[in-house]
Amino acid sequence: DMSLKDIPAIIPALQRQQDSLSFLCNADKIPESSFFHKPLKEVEKARDFVISELTSNRIQNQLHRLKHEHEWIDDGENHVYFELVGNASSIFDEFSLFAQ
């Protein structure tokens with residue numbers, strides 16, 4: 001199992017493997033018949049949701065308040081990660097990780 005603490009190791013590993021990966025097509029052009037089509041569409045929906053939430057005034061105001069209560073949030077040396085938790089569909093059963 002992977003968790004957020006694994007991200008600093010996962011990203012460089014993916015970057016090292018990128019040269020050996022074969023190109024299928026751009027993510028937005030994956031055929032509907034592809035095994036990857038439905039899961040990637042769900043990931044896109046989740047990504048769009050996260051973007052809209054993190055850029056909302058409600059969250060920005062909350063982050064502004066929290067950085068005054070917890071200085072480490074905005075000190076420039078720490079990385080703050082957000083984790084989206086929800087009811088994952090069975091279409092993700094065959095996948096361990098999605099990276100965009």
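Here are a few friendly questions and answers about surface contacts in this predicted model.

Reader: Which residues form a nonpolar patch on the surface?
Author: One member sits in the loop between α1 (7–17) and α2 (37–54), and that is Phe 35. The patch has about 330 Å² of accessible area together. Its residues are Leu 24, Phe 35 and Phe 36.

Reader: Is Phe 35 buried or exposed?
Author: Exposed means over 50% relative accessible area. Phe 35 has 52% relative accessibility, so this residue counts as exposed.

Reader: How many salt bridges does a search of the whole structure find?
Author: Among them is a pairing of Glu 42 with Lys 45, and another joins Glu 69 to Arg 65. For the whole structure, the search gives 6 salt bridges.

Reader: What separates the closest N and O atoms of Glu 42 and Lys 45?
Author: Both residues lie in helix α2, 3 residues apart, which is about one turn of the helix. Glu 42 is partly exposed at 31% relative accessibility, while Lys 45 is exposed at 53%. Their closest N and O atoms are apart by 3.1 Å.

Reader: Which helix holds both Glu 69 and Arg 65?
Author: These two form a salt bridge, with the closest N and O atoms 3.0 Å apart. Glu 69 is partly exposed at 48% relative accessibility, and Arg 65 is partly exposed at 41%. They lie 4 residues apart, about one turn, in helix α3 (residues 57–69).

Reader: Which residue meets Asp 6 in a salt bridge?
Author: Asp 6 counts as partly exposed, at 22% relative accessibility. The N to O distance in the bridge is 4.0 Å. The partner is exposed, with a relative accessible area of 70%, and its name is Lys 5.

How values were computed
Residues numbered from 1 in each chain as written. Predicted model: local features only at pLDDT ≥ 70, side-chain atom pairs only at ≥ 80, totals over all residues. Heavy atoms only, no water. Patch = residues over 30% accessible without salt bridge, like charges linked within 9 Å, V, L, I, M, F, W, Y side chains within 5 Å. Areas by Shrake-Rupley, 256 points an atom, 1.4 Å probe, with all protein chains shown as cover. Salt bridge = Lys/Arg side-chain N within 4 Å of Asp/Glu carboxyl O. Helix = DSSP H or I, 4+ residues; strand = E, 2+ residues; numbered from the N terminus. Buried < 20%, exposed > 50% of the residue type's maximum accessible area, 1.4 Å probe, protein only.
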